[in-house]
Amino acid sequence: MHILILGAGIIGVTTSYELLKAGHKVTVIDRQSGPALETSFGNAGLIAPGHSYAWTTPKLPGNLFKALFQKKKTFRFKFQWDPAMWYWGIQFMRQCTRKKMKENTLRKHRLSSYSQNCFHQLLDEIKINYHGNKKGLIYIFRTPESFQEGKQKLAMLKSVMNNLQLLNLNELIQIEPVMKNIQTGIYGGIYCPSDESGSCRDFTLELVEICKKKGGIFHYNTTIKKLEKESGKINKVITDKGDFMADKYVLSCASYSPFFAKKVGDYLPIYPVKGYSITVPIIDKKKAPVHSGIDEDNLLAFSLMGNKIRFTSVAEISGYDTKWSPSDFTEIVQLARSLFPQACDFSQIEYWCGLRPMTPNGAPIIGQGKIDNLYYNTGHGHLGWTMCAGSAKIITDLILYNKPDLDLEGMTIAKS
Ligand SMILES: Cc1cc2nc3c(=O)[nH]c(=O)nc-3n(C[C@H](O)[C@H](O)[C@H](O)COP(=O)(O)OP(=O)(O)OC[C@H]3O[C@@H](n4cnc5c(N)ncnc54)[C@H](O)[C@@H]3O)c2cc1C
C-alpha cells in the first residue's frame, strides 16, 4: 500500500516510520525546506506524562481575564474577527469545569504514557542522538499557595502514576543542587523520575534519515493546495509542485490541518496557541541544572539540549501570526537569568516561536472522518513530542485495520 503523509513535523515523521516498518510505501510532503521546521523545531522538549494536566481548569477563565490587565504576559490575547477562533474559544472554555479537567487530564495521561512506552520501543529499535535526558523532570513552586495547587493537581494523576514525589526545599536541593542559587525564592517541588526530555527537532531529523533508508521519499518545498475528493475518496493531493496520488493519506499539518479537512467536509477543532522559546549556551556547567523541568509559578519550561538550555513560555492567541520581536521575550529572558544565575551566555540567544495545534480538550484527533482513505493524526497541542510515538502506532493500526492498543474516547473527530 502507498501512503502519502502530509506534513514532516514530529507527528508526520513518526507516522512515516511506523508505516515503513509495517512494510508500506511512504511519501511525505512538506512546504518547508526540511523536516521539523515549524512547531517541532524549538519546543521545550519535555516528554512528560507526569505533567499531562489539562490546560482547561475552572480557574482558567478568571486567570485569562486577569491577564488582560496584568503586566506579566504569560497569557496573551490579540483580538481578531476570525469566526474559527471564537467558535473554538467557546468549545475551549466549555472544558473549564472540574469534571472535564479531570477527564481531560486522565485522557492525555493515557495517551502520553502509552506513547512514552512506544517511544522507548522505538529507541530500542534504532539509534538516535537527540540529547535525551532520562534523569526525570522537576516541577518547582515558588510559594506555599502554588505548591498547594500543585499538590491538588497531582492528586488527579495519583490513580495512574505512583512515582510523583512531593519535595520540600531541602529535598529538592538534594536532587537538583543548583536550586539553592535561585535568586527569587523557591518553596518546594514535585519530582517525576520517569519523565524525560530531549530535542524534538534533532530526533525528527535523524528519524527522517532512518525512514529514507527504509525507502521513505520526502518532498520538501512542496505546498499543499488542496485535497481533491472523488466518489467519497481522496483521489489526489494538489500541490505547487504537481499532483500526488496514493492509496491512503494522513493529514499531519498541525494548526493548518483544519483548512484541508474543511474542504472535504470534516470539522477539526484545532486552533493555534502561540508559544516562545529561547535557547542559550551553557557557560558554567556547575551552575546549570542536570534535570529539565518547569518553574510552575512562571509557567517557564527549561530543558537541557546538550551544551545549551532551552526556556519556553507563553500561551498567546493571535491567529496564525508567526512573527516575533525581541520584546516578546523580555520576560522569558529575565526569568531564565534569575532561574539559573550565571549558568548561560545571554548574549547568544536563539529566539523562536511556534504554534501549538490545540484542541479544546487537549487531546489530538487520531483516525478518520467522512472520507474513506483520509486519516487524521493532528492537533497534539502542547504535548506533541510526548504523544508522537503512541499516536503514530495508533494511526498505523487504524490504517492497517488492526485494533489500536488504546481506547480512543475523546481523541476522534466526533469528540465533544
Ligand atoms: C513553545 C512550545 C513548547 C512546547 N513544548 C513541548 C514539550 O515540552 N513537550 C511536548 O510534548 N510538546 C511540546 N510542544 C508541542 C509540540 O511542539 C507540538 O505538539 C508538535 O511539534 C506538533 O507536531 P506536528 O508534527 O503536528 O506539527 P509541525 O511540526 O508544525 O508539523 C506540521 C508540518 O506541516 C507542514 N505544513 C503545514 N501546512 C502545509 C501545507 N499547506 N503544505 C505543506 N506542508 C504544510 C509544516 O511545514 C510542518 O512541517 C510545544 C510547543 C510549543 C509551541
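Strands are DSSP runs of E of at least two residues, numbered from the N terminus. The close-up views below show a predicted model.

**View 1. The loop that holds N221.** N221 is located in the loop that runs between β9 (217–219) and β10. Although N221 is a residue other than glycine, its phi is positive, with a value near 50 degrees. N221 has a relative accessible area of 40%, and therefore counts as partly exposed, since this class lies between the 20% limit for buried and the 50% limit for exposed.

**View 2. The loop that holds A36.** A36 belongs to the loop between β2 (25–29) and β3 (46–47). Its phi is positive, at about 50 degrees, even though A36 is not a glycine. The relative accessible area of A36 is 2%, so this residue is buried.

**View 3. The loop that holds S231.** The loop between β10 (224–230) and β11 (233–239) contains S231. This serine counts as exposed because its relative accessibility is 73%. S231 and C96 are separated by 135 residues in sequence, and their C-alpha atoms are 40 Å apart in space.

**View 4. Aromatic pairs made by F79.** The count of aromatic pairs in the model comes to 26. In one of them, F79 and W81 are arranged edge-to-face, with 5.1 Å from centre to centre and 90 degrees between the planes. W81 has a relative accessibility of 74% and so counts as exposed. F79 also pairs with W86, and this pair is tilted, with 5.6 Å from centre to centre and 55 degrees between the planes. W86 is partly exposed because its relative accessible area is 39%.

**View 5. A cluster of rings and a charge over Y256.** W88, F92, Y256, F259, Y271 and Y320 are linked into a cluster by ring pairs. The ring of Y256 also has the charged end of R31 over it, at 4.2 Å from the ring centre.

View 6. What does a search of the whole structure find in the way of disulfides? The search finds 0. C192 is in no disulfide, and the nearest cysteine sulfur, which belongs to C388, is 17 Å away. A disulfide needs two cysteine sulfur atoms within 2.5 Å. With a relative accessibility of 0%, C192 counts as buried. C353 is likewise in no disulfide, and the nearest cysteine sulfur, that of C200, lies 16 Å away. C353 counts as buried because its relative accessibility is 10%.

Definitions and conventions:
Residues are numbered from 1 along each chain as its sequence is written. This is a predicted model: local features need pLDDT of at least 70, side-chain atom pairs count only at pLDDT 80 or more; totals for chains, interfaces and linings use all residues. Side-chain values use heavy atoms; hydrogens and water are left out. Buried means under 20% relative accessible area, exposed over 50%, partly exposed in between (1.4 Å probe, protein chains only). Rings of Phe, Tyr and Trp (its six-membered ring) pair if their centres lie within 6.5 Å; planes under 30 degrees apart count as stacked, over 60 as edge-to-face and the rest as tilted. A charge sits over a ring if NZ of Lys or CZ of Arg is within 6 Å of the ring centre and within 35 degrees of the ring normal. Helices (H or I, at least four residues) and strands (E, at least two) are DSSP runs, numbered from the N terminus.
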